[in-house]
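Here are my notes on this one, as numbered points. Have the model open while you read.

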Amino acid sequence: MKSQFKFFSLTIVLFFSLSAIAQKKVTTDSIKVWGNCGMCKKTIETAAKSAGADSANWSTETHMLTVSYKSKKSKNQDIQKAVAAAGYDTQDFTAPDDAYNKLHSCCQYDRKADTVATDNAQLKSATSMDCSDCCKDGKCTKDKECCKDEAACKAKGCAKS
Ligand SMILES: [Cu+2]
C-alpha cells in the first residue's frame with residue numbers, strides 16, 4: 001500500500017513538472033488587425049483568447065494585436081481565423097461580410113480591401129496627376145485617365161486623335 005502511494009505521488013509530481021516544462025514554450029506574435037475603438041479591442045481580444053491565446057492585447061492606435069500562446073495549443077493562423085470570424089480583417093484573413101455587418105456601427109472600420117484600394121488609387125493618381133500635356137503634336141493622348149475627356153481636349157486646340 002505504501003509503495004503504491006509512493007508511485008502514485010511520483011506520477012503526479014512527474015506530470016506537473018512535465019506540464020510546467022510544456023507551458024514554458026510560449027510564442028508571442030504581432031498581428032495586424034483592422035478595427036476602430038475600445039469596443040473592437042474587446043471583441044478582437046476575446047476572439048483571440050477563444051482561439052487559444054493566453055494573452056491578447058490589441059492597440060487602438062497601431063492596430064496591432066499582440067498575442068502569446070503555447071505553440072502546441074494554438075497557432076497564429078487559428079487566432080487570425082477566429083478574429084476574422086468575429087468580423088475583423090487580419091493581415092492574412094478577411095472577415096465575412098455578414099460578420100462585419102453585425103458589428104456595432106461605430107465599429108465598422110474601413111475594410112482592409114478598401115484601405116488597400118485607396119492606397120493604390122492614391123498612388124496611381126499621384127503618378128499620373130500631371131494632365132497638362134494631354135495634347136501632344138496636335139493630338140489627344142489617351143494614356144492618362146484625365147486626358148480621356150474629348151471636349152476638354154478639343155478645347156485645348158487638339159484634334160481628335
Ligand atoms: Cu469598435
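Which pattern does the protein chain follow, read along the sequence?

1. The protein chain runs α-β-α-β-β-α-α-α-β-β-α. That comes to six helices and five strands, taken as DSSP runs numbered from the N terminus (helices are H or I, at least four residues; strands are E, at least two). Bear in mind that this is a predicted model: local features need pLDDT of at least 70, side-chain atom pairs count only at pLDDT 80 or more, and totals for chains, interfaces and linings use all residues. Residues are numbered from 1 along each chain as its sequence is written, and side-chain values use heavy atoms, with hydrogens and water left out.

2. Some overall figures for the protein chain. Of its 161 residues, 29% are buried, where buried means under 20% relative accessible area, exposed over 50% and partly exposed in between (1.4 Å probe, protein chains only). Taking contacts between residues at least 6 apart in sequence, 41% join residues at least 24 apart; a contact here means heavy atoms within 4.5 Å.

3. Now the metal. The copper ion is coordinated by the SG atoms of Cys37, Cys40 and Cys107, at 2.1 to 2.2 Å. Donors are N, O and S atoms within 2.8 Å of the metal (3.2 Å for Na, K and Ca), and water is not among the atoms, so sites may look incomplete. The donor spacing in sequence is C-x2-C-x66-C. Cys37 sits in the loop between strand 1 (26–32) and helix 2 (38–50) and Cys107 in the loop between helix 4 and helix 5, so this pair ties together parts 70 residues apart in sequence. Cys37 is partly exposed at 21% relative accessible area, whereas Cys107 is buried at 2%.

4. Have a look at the tyrosines. Ring pairs link Tyr88, Tyr100 and Tyr109 into a cluster. Rings of Phe, Tyr and Trp (its six-membered ring) pair if their centres lie within 6.5 Å; planes under 30 degrees apart are stacked, over 60 edge-to-face, and the rest tilted. The whole structure has two aromatic pairs. Tyr88 and Tyr109 are stacked, 5.4 Å centre to centre with 15 degrees between the planes. They lie 21 residues apart, Tyr88 in the loop between helix 3 (76–85) and helix 4 (97–101), Tyr109 in the loop between helix 4 and helix 5 (112–127). Tyr88 is buried at 0% relative accessibility, and Tyr109 is buried at 2%. Tyr100 and Tyr109 have ring centres 5.1 Å apart and planes at 85 degrees, so that pair is edge-to-face.

5. Arg111 is in the loop between helix 4 and helix 5 and is buried, at 11% relative accessibility. Arg111 lies over the face of Tyr100, 4.3 Å from the ring centre; the criterion is NZ of Lys or CZ of Arg within 6 Å of the ring centre and within 35 degrees of the ring normal. The charged end of Lys32 likewise sits over the ring of Trp34, 4.8 Å from its centre.

6. Last, the largest nonpolar core, which has 23 residues. Such a core is a set of buried Ala, Val, Leu, Ile, Met, Phe, Trp, Tyr and Cys residues joined through side-chain atoms within 4.5 Å. Leu65, Val67, Ile79, Val83 and Tyr88 touch the most other members. Helix 2, strand 2 (55–58), strand 3 (64–70) and helix 3 each supply at least two residues, and helix 2 gives the most, with four.
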